[in-house]
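Here is a short tour for anyone meeting this structure for the first time. Have a look at it, then read on.

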Amino acid sequence: MKTIKFRHQAALLIALMICCLSVNAQNCSKKKLASNELKGKYDYRGQSLFRSMVSGDSVTLNVVLYSKQNYRLFVVGEQKLGKLDYQIYVPSKKFTRVMKSVEEKKVPIYKKDPLGFYLYNKDGEKIQIGEQTIQDTIWTRETTSINDLVFDSRNSDQLFWEATPVKTQSVTIKVNIESATKKTDGCIGIYVGCEYANASQFIR
């Protein structure tokens, strides 16, 4: 009975924590963190994230940018949180040619005339006079996944990053709140806005 009661209390505690987090996120989403001028004409209802953070916290959000749609991404937070920085990364693959192995194999040596032309027997076949061992290098290709930094709020004059991808791709947004002696909590908004476009280029 004690075990059942403990499990019931643990489940109730977890439910309350989830409920509190949900309410907190809802409260943050209701706050006007970004101006209409900053948001522009984009729709932010799809993948944006609003949550509470504390000084020194960090959070990472992965989003999907669909092809031929214009996107505007930016992060803002309440002033009481202090300095907020964020970076945006686009994953890519790098292919490198690497040596897999070196194999030795024997190849025939054929007779040549003084001018370097092969000599043939009466059956029209090259005349073999011996064999030699050569080293044959086998190559392969290695694939490395890397994250390309496309935007860093610390050294950008823009308040947002805009893109129109040619093909659907994922993007990672990393947010960092500066540490402070006195911990302060507040809301942040990771805004992911989009609108349909007919563009055929990936603009960064």
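## The disulfide

A disulfide is a pair of cysteine sulfur atoms within 2.5 Å. A search of the whole structure turns up one disulfide. The partners are C28 and C187, with sulfur atoms 2.1 Å apart. C28 sits in helix 1 and C187 in strand 8 (residues 185-196), so the pair ties together parts that are 159 residues apart in sequence. Helices (H or I, at least four residues) and strands (E, at least two) are DSSP runs, numbered from the N terminus. The link of C28 and C187 is left-handed, with -75 degrees about the S-S bond.

How accessible are these cysteines? Buried means under 20% relative accessible area, exposed means over 50%, and partly exposed is in between (1.4 Å probe, protein chains only). C28 is buried because its relative accessible area is 0%, and C187 counts as buried at 5%. C194, at 25% relative accessibility, counts as partly exposed.

Residues are numbered from 1 along each chain as its sequence is written, and side-chain values use heavy atoms, with hydrogens and water left out.

The predictor's confidence in each residue is its pLDDT, from 0 to 100. The protein chain averages 84, and 83% of the residues score at least 70. Confidence is highest in strand 3 (residues 69-77), at a mean of 96, and lowest in helix 1 (residues 2-30), at 53. Over residues 12-23 the pLDDT is below 50, and that stretch has zero contacts (heavy atoms within 4.5 Å) beyond near neighbours in sequence. Residues 199-204 are also below 50, but they have 18 such contacts in the model. Where pLDDT is low, the predicted coordinates should not be read in detail.

## Two residues to look up

T164 is in the loop between strand 6 (161-163) and strand 7 (169-177). T164 counts as buried because its relative accessible area is 5%. Its side chain makes a polar contact of 2.5 Å with the side chain of N70. A polar contact is a pair of N or O atoms within 3.5 Å; within protein, one must be able to donate a hydrogen and the other to accept it, and residues adjacent in sequence count only if both atoms are side-chain atoms.

Y110 belongs to strand 4 (residues 84-110) and is partly exposed, at 26% relative accessible area. Leaving aside neighbours within four places in sequence, Y110 is in contact with Y118, K126, I127, Q128 and I129.

Key: This is a predicted model: local features need pLDDT of at least 70, side-chain atom pairs count only at pLDDT 80 or more; totals for chains, interfaces and linings use all residues.
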